[in-house]
Amino acid sequence: MRQISLDLIRVTEAAAIAASEWVGSGEKIQADHAAVKAMRNRLNSLNFSAVIAIGEGKKDKAPGLFDGERVGTLNRDFADYSEYTIAVDPIDGTTEVANGGAGAVSVMAVAKENSLYKTEEHYMMKVAVNKVAKLYFDSVHRKPILSLELPEILTGLSKALNKPKDSLTICVMERPRHEDLIAELRANKCRVKLIRNCDVSASIAACLPDKEIDMYYGIGGAPEAVISAAATKCLGGQFEAKHLDSKEVLCMDRLVTGPCVFVATGITSGMLLEGVHYKDHRKGQPTTSSVFMRSESGTVRWLSTYHNND
């Protein structure tokens with residue numbers, strides 16, 4: 001995938017720039033349309049053949065990109081062949097874009113054909129931790145994190161990171177469904193960081209040493225689970241998910257089989273990336289902030305890009 005790396009960054013950059021024109025407008029549907037159109041157009045300009053394995057269209061009643069949609073110039077010549085599989089979210093945080101909130105990003109994960117997990121379910125239980133915690137749970141518990149009770153997870157995390165429980169920060173989406181979870185975390189003396197949306201960024205932040213999050217935990221979107229798994233795999237951390245009606249835990253290598261890449265561009269500034277900024281208010285020449293990761297090399301590139309598109 002090395003040969004298409006920079007082209008993938010341009011895909012999320014295009015979506016982020018298109019979405020940024022709707023920041024604070026109150027128009028989340030129009031913002032999503034703009035981002036999807038920009039992402040689709042850029043994907044269809046790439047000299048490759050790919051299929052969307054999991055997207056955002058159905059759950060959010062968005063305009064696509066939908067599961068099974070084929071993109072890339074080579075699809076015109078080889079209609080039944082796809083070299084790559086893609087998971088996309090043109091805007092992770094449409095509400096944040098519409099309301100001018102923090103942390104909206106455009107994200108994408110790419111792997112070889114049939115390497116990304118597919119599901120018709122909309123939501124999954126998820127957990128993300130860094131590489132130190134991964135090594136601890138792998139060596140001590142030798143079973144998936146999500147197969148453990150929450151107090152046992154918190155005790156293990158405390159030991160792995162050499163931090164008392166009252167110094168642990170657990171990131172959870174602020175939803176009514178998480179009221180009992182939040183109460184249990186606080187009963188265990190943990191600090192709780194609540195976010196409204198954008199849990200892909202939260203999962204990544206849990207794997208980075210310079211962020212305040214020690215673990216991301218809770219129920220969120222299934223498309224974001226696949227994308228988060230790809231990012232976490234690139235960072236050497238651990239990501240797990242399971243369907244809400246199942247006890248089977250899907251570990252990272254089930255969600256993303258083999259090598260992968262992850263790319264994201266900020267739309268509004270948040271815990272992971274700066275948002276799109278303009279030299280002259282929304283009149284061209286934007287600057288974008290992006291991250292690009294490869295699982296094979298473990299390389300993480302942070303990019304600030306000036307677009308002279310007058």
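Buried means under 20% relative accessible area, exposed means over 50%, and partly exposed lies in between (1.4 Å probe, protein chains only). This is a predicted model: local features need pLDDT of at least 70, side-chain atom pairs count only at pLDDT 80 or more, and totals for chains, interfaces and linings use all residues. Residues are numbered from 1 along each chain as its sequence is written, and side-chain values use heavy atoms, leaving out hydrogens and water.

View 1. Asn114 sits in the loop between strand 4 (105-112) and strand 5. Helices (H or I, at least four residues) and strands (E, at least two) are DSSP runs, numbered from the N terminus. Asn114 is not a glycine, yet its phi is positive, about 60 degrees. Its relative accessible area is 57%, so Asn114 is exposed. Lys189 lies in the loop between helix 6 (179-187) and strand 7. Lys189 is also a residue other than glycine, with a positive phi near 70 degrees. Lys189 is exposed, at a relative accessible area of 58%.

**View 2. The whole chain.** The chain holds 9 helices and 13 strands. Its C-alpha trace spans about 55 × 45 × 35 Å along the principal axes. The radius of gyration is 19 Å, which agrees with the value near 19 Å for a compact globule of 310 residues. That radius is taken over C-alpha atoms, and the globule rule is 2.2 Å times the number of residues to the power 0.38. Of the 310 residues, 57% are buried.

View 3. Two strands pair if DSSP finds at least two bridges between them. Strand 5 (residues 123-129) pairs with strand 9 in the antiparallel sense, over 6 bridges. Here Lys126 has Ala241 of strand 9 as its bridge partner.

View 4. Axes are lines fitted to C-alpha atoms, for helices over the stretch in contact, and angles run from 0 to 180 degrees between N-to-C directions. Helix 4 (residues 131-141) packs with helix 5 at about 120 degrees, their axes 9 Å apart. The contact includes Tyr136 and Phe137 of helix 4, and Ile153 and Leu157 of helix 5. Contact means heavy atoms within 4.5 Å.

**View 5. Strand 12 and its partners.** How many residues of strand 12 (residues 286-294) are buried? The count is 8 of the 9, so strand 12 is largely enclosed by the rest of the structure. Strand 10 (residues 260-266) pairs with strand 12 in the antiparallel sense over 5 bridges. Phe262 has Met293 of strand 12 as its bridge partner. Strand 11 (residues 277-278) also pairs with strand 12 in the antiparallel sense, over 2 bridges. There, Tyr278 stands opposite Pro286.

**View 6. The hairpin of strands 12 and 13.** Strand 12 and strand 13 (residues 300-306) run antiparallel, joined by 7 bridges. Thr288 stands opposite Thr305 of strand 13. The hairpin has 5 residues between the two strands, and Gly298 in the turn has a positive phi of about 75 degrees.
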